[in-house]
Amino acid sequence: MPRVRALVYRAIGLGDLLTGVPALRALRRALPGHQIVLAAPGSQRPLVELVDAVDRLIPTAELEPVAWDGPPPEVGIDLHGNGLASRSLVEALSPGRLLAYDLSTWNPDEHERVRWCRLVASAWDVRADPDDVLLRPPSCAPPVARAAIVHPGAASGSRRWPAERFAAVAAALRDAGEEVVVTGSPDERDLAERVASLAGLRPEAVLAGRTDLGHLAALVADARLVVAGDTGVAHLASAYATPSVLLFGPTPPSRWGPPPGPHTVLWQGTGVGDPHAADPDPALLEITVDEVLMAAYGVLRPGGLSNRTA
């Protein structure tokens with residue numbers, strides 16, 4: 001007889017998947033006999049397979065219906081947002097029980113990991129640890145061993161520190177003897193090539209658009225350092241306890257910052273800016289190259305074997 005199923009809807013980006021891991025693990029503890037089915041983008045499969053709380057992935061684009069098969073799930077969980085747009089997609093599956101936020105229970109100032117752990121813990125008497133983010137490393141080898149990763153991209157212009165400053169950081173790390181690579185999505189390849197060119201890096205240092213999520217995860221897990229803004233690669237650094245320097249703005253780290261670990265957060269803001277604006281947020285522009293380099297030298301992983309997390 002098929003196992004009773006629980007459907008979790010979180011069809012958004014890489015950082016969203018990774019900040020949802022603690023809640024998924026809490027759900028696994030709450031429903032040990034259920035098949036946990038996650039509706040999320042198919043591109044995330046290499047990482048979903050490393051989360052020890054998900055039994056099956058249904059590839060689902062953001063705010064698109066779930067290609068559900070079989071009888072309705074016993075439990076449907078909207079781990080996506082706080083409005084009708086996502087909740088209605090879960091309701092359409094006719095779950096026996098629906099778990100979701102609405103405007104009356106949503107706290108906009110709550111940290112993203114805490115928020116979803118609170119939702120699961122509100123329904124079951126289960127431990128939900130917001131800092132339970134570590135992943136198994138993938139089985140594939142990193143495309144570059146022991147790299148210092150510079151990741152200049154982000155989903156919106158307001159979260160992108162200037163390319164010239166990333167290039168200055170990359171050049172200084174290269175001059176200090178680090179094997180510097182520049183990562184990004186296929187859409188960010190031009191940006192990555194610009195950073196590499198300004199830094200005087202070899203063309204092969206540009207990995208943007210050349211790695212799937214599995215190989216990107218292997219790269220981060222093995223790396224000596226990650227320098228990035230508030231984006232998915234920052235959360236990968238948290239997932240592998242890889243030393244990182246994270247540049248925040250316009251959203252404060254109190255909402256999306258890393259758990260305790262070898263991470264330095266740089267934040268010069270006093271409030272919340274517009275995360276969807278086209279231009280770099282003023283708080284982000286207050287962060288200097290010297291600040292980033294000082295933080296980088298302070299957290300760089302020492303030589304020797306990579307500190308991979310099982």
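Colleague: How many aromatic pairs does the structure hold?

Modeller: Please note that this is a predicted model. The structure holds four aromatic pairs.

Colleague: Which quantities describe such a pair?

Modeller: A pair of aromatic rings is described by the distance of the centres and the angle of the planes. In this structure, Tyr-101 and Trp-116 are 5.5 Å apart centre to centre, with 55° between the planes, and the pair is tilted. Tyr-101 lies in the loop between β5 (97-99) and α5, whereas Trp-116 lies in helix α5, so the pair ties together parts that are 15 residues apart in sequence. Both Tyr-101 and Trp-116 are buried.

Colleague: What geometry does the pair of Trp-106 and Trp-116 have?

Modeller: The pair of Trp-106 and Trp-116 is edge-to-face, at 5.8 Å centre to centre and 65° between the planes. This pair links distant parts of the chain, 10 residues apart: Trp-106 is in the loop between β5 and α5, and Trp-116 is in helix α5.

Colleague: Why does Trp-106 count as partly exposed?

Modeller: Trp-106 counts as partly exposed because its relative accessibility is 23%, and buried means under 20%. Trp-116, at 0% relative accessibility, therefore counts as buried.

Colleague: Let us turn to helix packing. At roughly what angle do the axes of helix α2 and helix α5 cross?

Modeller: Two packed helices are described by the angle between their axes and the distance between the axes. Here the axes of helix α2 (residues 21-30) and helix α5 (residues 112-123) cross at roughly 15° and come within 8 Å. Because angles under 35 degrees count as roughly parallel, α2 is roughly parallel to α5. The crossing of α2 past α5 is right-handed.

Colleague: Which residues make the contact?

Modeller: From α2 come Pro-22, Ala-23, Ala-26 and Leu-27, and from α5 come Arg-113, Trp-116, Cys-117 and Val-120. By class, the contact of α2 with α5 has seven nonpolar residues, one charged residue and no polar residues.

Colleague: How many residues of helix α9 are buried?

Modeller: Eight of the eight residues of helix α9 (residues 232-239) are buried, so α9 is largely enclosed by the rest of the structure. Among them are Val-233, His-235, Leu-236 and Ser-238. Just after α9, Ala-241 adopts a positive phi of about 50°.

How values were computed:
Residues are numbered from 1 along each chain as its sequence is written. This is a predicted model: local features need pLDDT of at least 70, side-chain atom pairs count only at pLDDT 80 or more; totals for chains, interfaces and linings use all residues. Side-chain values use heavy atoms; hydrogens and water are left out. Axes are lines fitted to C-alpha atoms, for helices over the stretch in contact, and angles run from 0 to 180 degrees between N-to-C directions. Helices (H or I, at least four residues) and strands (E, at least two) are DSSP runs, numbered from the N terminus. Angles under 35 degrees count as roughly parallel, over 145 as roughly antiparallel, 65 to 115 as roughly perpendicular and the rest as oblique. A crossing is left-handed if the near helix is turned anticlockwise from the far one by less than a right angle, and right-handed if clockwise. Contact means heavy atoms within 4.5 Å. Ala, Val, Leu, Ile, Met, Phe, Trp, Tyr, Cys and Pro count as nonpolar, Asp, Glu, Lys and Arg as charged, and the others, Gly among them, as polar. Rings of Phe, Tyr and Trp (its six-membered ring) pair if their centres lie within 6.5 Å; planes under 30 degrees apart count as stacked, over 60 as edge-to-face and the rest as tilted. Buried means under 20% relative accessible area, exposed over 50%, partly exposed in between (1.4 Å probe, protein chains only).
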